[in-house]
Amino acid sequence: MILACHHITKEYPEQVVLRDVTFHLEKGDKAAVVGINGAGKTTLLRIITGEENADEGSVSFARDCSFGYLAQDQGLSSDRTVYEEVLSVMQDLIDMEEKLTQYEASMETTKGAALTSMIADYTDLLHRFEDRGGYAFRGEVTGVLRGLGFRDEDFSQVVGTLSGGQKTRVALAKILLKKPDIIMLDEPTNHLDMSSIRWLETYLMNYRGTVLIVSHDRYFLDRTVNKVLELENGRGMMFAGNYSDYAARKKALREQQYHAYLNNQAQIKHQEEVIEKLRRFNREKSIKRAESREKMLQRMEVLDKPIELRDDMQLHFTPCIKSGREVLTVEGLSKSYGDKHLFDNVTFRVHRGEHVALIGDNGTGKTTILSILNEVVPADRGVIRYGTNVHIGYYDQEHHVLHDEKTVFEEISDDYPAMTNTEIRSMLAAFLFTGEDVFKRVADLSGGEKGRVSLAKLMLSKCNFLILDEPTNHLDMVSKEVLENALNCYEGTVLYVSHDRYFINHTASRILSLTQQHVLNYPGGSGEKAPDCFIGNYDYYLEKSAQIEETLLAKAEADARQASPAGTAATSSSAGGQTQPAEMPKKAAAAGDSGDWQRQKEEKARLRKAANDLRKCEDHITELEDESASIDEQMSLPENCTDASKLHALTTRKAEILEELEELYAQWEELSENV
């Protein structure tokens with residue numbers, strides 16, 4: 001056992017956050033802490049790390065146990081560069097490296113017994129340096145920074161000039177490189193794009209220590225944890241398995257508890273009715289029997305009604321009219337901001353009934369595409385055409401449809417004056433706004449509350465084409481599931497941007513990936529009822545992207561070259577039906593069979609070259625690994641242990657080989673993906 005929490009209790013003036021929470025973790029456990037917003041997840045981590053004190057209970061660690069803790073939006077203030085700040089974690093290895101260099105310089109001028117003693121110290125230090133991965137630590141720092149989304153040109157940036165999210169990623173890199181016995185992470189994926197999250201998943205899955213994570217990213221938890229600690233109404237319960245295992249077990253347990261409660265209530269009611277009838281008889285024997293049953297009833301266990309989570313939020317998106325088959329056509333869409341080129345010649349279609357997810361790394365322009373579709377941002381060039389009878393409902397993550405000066409009630413009443421006060425209050429209650437909550441100013445709402453108001457307005461719009469920008473941001477897990485169920489029952493068309501892979505997996509029928517300034521189409525289910533089968537969900541995308549991304553990119557680049565744009569035609573659209581585009585560039589005719597043959601020929605040549613490069617790389621790796629093994633044998637020979645110059649030459653060559661191998665391993669990994 002590496003960590004144990006016993007009877008943790010924490011109260012604030014307004015509420016009891018934690019009540020008698022007890023659990024323990026073994027070495028190597030990967031555990032998640034889940035619960036609705038305000039359940040006490042972050043408070044529990046702060047108590048474990050000692051940043052807060054529990055009112056009751058204790059926290060104990062295994063002897064000599066070390067831990068690293070990443071808090072939400074953890075900032076760093078430093079005058080060092082990103083690389084220097086993260087490298088500082090390796091200071092003990094840097095000191096050892098400098099000491100080895102000093103030894104090597106001193107051995108050139110030292111003789112006799114002093115040299116023998118120095119060589120012994122040097123050999124001991126060298127072994128410890130090697131055991132700690134001393135030859136590879138700089139490469140490890142670079143690998144972690146790249147994995148967390150830093151580009152090589154970012155390494156020289158001063159930490160103090162970074163954004164809050166970038167500083168959090170620097171802090172995360174330092175924790176991962178320290179390799180403590182326990183890593184505790186509070187919402188680690190908040191500032192990572194999809195590729196960085198996938199890298200972190202792989203890192204944590206292979207981590208030999210213990211991991212404790214607070215996260216709303218259900219896909220991330222599915223991939224990384226084998227235990228789930230649920231905090232509900234202040235109490236904690238541990239479940240085995242990942243998040244999906246927990247969700248299934250929790251659902252079954254909740255149903256079981258509810259049925260037991262109903263049976264218990266039925267038994268109590270039955271006994272009370274029997275007692276009442278016996279007393280009505282008003283005879284000595286019947287009264288005695290009634291008294292006997294009353295004693296039995298007093299001894300009967302009365303079960304509490306199971307706690308109901310905030311799953312009573314009701315979302316029912318109902319289109320007012322059926323749209324035409326072709327809902328949206330986008331051709332040749334391009335956008336730049338100064339020197340920053342976001343995307344070029346973006347072309348795709350959306351058909352009635354499809355649920356299309358647009359994904360891509362941060363900063364690639366996904367939200368910009370949605371903003372262009374809604375005429376919030378102008379395009380540099382391109383054509384947008386909406387089909388017949390298309391009515392758009394837009395949900396943006398900044399909630400621009402809301403007005404800070406209005407109350408929640410006014411947001412609805414002003415837009416839908418035909419609704420009565422009772423109807424508005426009933427509708428808002430379905431979105432968890434009750435009592436005086438409906439008179440809160442929008443400016444005073446939390447992110448999750450603003451999201452619920454925006455969803456309420458979207459539901460009332462009865463549009464048949466929903467365009468959603470990060471709809472799950474700030475929603476707790478229960479609210480996300482409510483939204484998922486609502487979209488899966490929705491008979492209209494959906495196009496959305498999201499980083500929530502679990503949400504994508506459960507709602508998308510097709511994936512569009514914004515990659516290297518092009519939109520790549522990963523077709524799955526098509527047309528109406530496609531979401532029921534989730535053929536084109538995120539798992540499908542992962543499977544196919546590894547196989548065909550290069551082919552799709554080559555095709556997209558070829559299409560962009562053929563488009564031959566003339567000028568900067570602007571986008572002009574009408575959500576009510578037909579589009580009247582300005583002068584738009586005409587797309588060139590398809591290359592035909594000869595063009596296809598030429599592309600196939602070029603692709604085969606590329607594959608042959610990649611296979612040849614991979615073989616050469618593998619041969620070079622084998623040669624260097626053999627040489628490294630030979631050096632190890634030479635360094636262990638008695639005659640070399642006392643030869644300072646020979647030993648220095650061998651260790652220098654060993655370091656050169658290991659550094660070259662690090663580069664070759666990275667090259668091999670890149671080449672193997674292209675064959």
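**A strand pair and its sheet**

This is a predicted model.

Strands of a sheet pair through backbone hydrogen bonds, in either the parallel or the antiparallel sense. What order do the strands of this open sheet follow? There are 6 of them, in the order 14-15-16-12-17-18, and the pairing is mixed. At the edges are strand 14, residues 392-395, and strand 18, residues 518-522, each pairing on one side only. On average, and with direction ignored, neighbouring strands here are turned by 15 degrees against each other.

Now the helix on this sheet. Helix 14, residues 447-461, packs there and touches both strand 14 and strand 15. The direction of helix 14 makes about 180 degrees with that of strand 14.

Next, confidence. The protein chain has an average pLDDT of 83, and 89% of the residues score at least 70. Which elements have the lowest and the highest mean pLDDT? Helix 19, residues 638-641, has the lowest, at 73, and strand 7, residues 210-214, has the highest, at 96.

Two stretches need a caution. The pLDDT is below 50 over residues 525-534, a stretch with 27 contacts in the model beyond near neighbours in sequence. Residues 565-594 are also below 50, and that stretch has 60 such contacts. Where pLDDT is low, the predicted coordinates should not be read in detail.

Technical notes
Residues numbered from 1 in each chain as written. Predicted model: local features only at pLDDT ≥ 70, side-chain atom pairs only at ≥ 80, totals over all residues. Heavy atoms only, no water. pLDDT = per-residue confidence, 0-100. Helix = DSSP H or I, 4+ residues; strand = E, 2+ residues; numbered from the N terminus. Contact = heavy atoms within 4.5 Å. Pairing = 2+ DSSP bridges. Axes fitted to C-alpha atoms, helices over the stretch in contact; angles between N-to-C directions.
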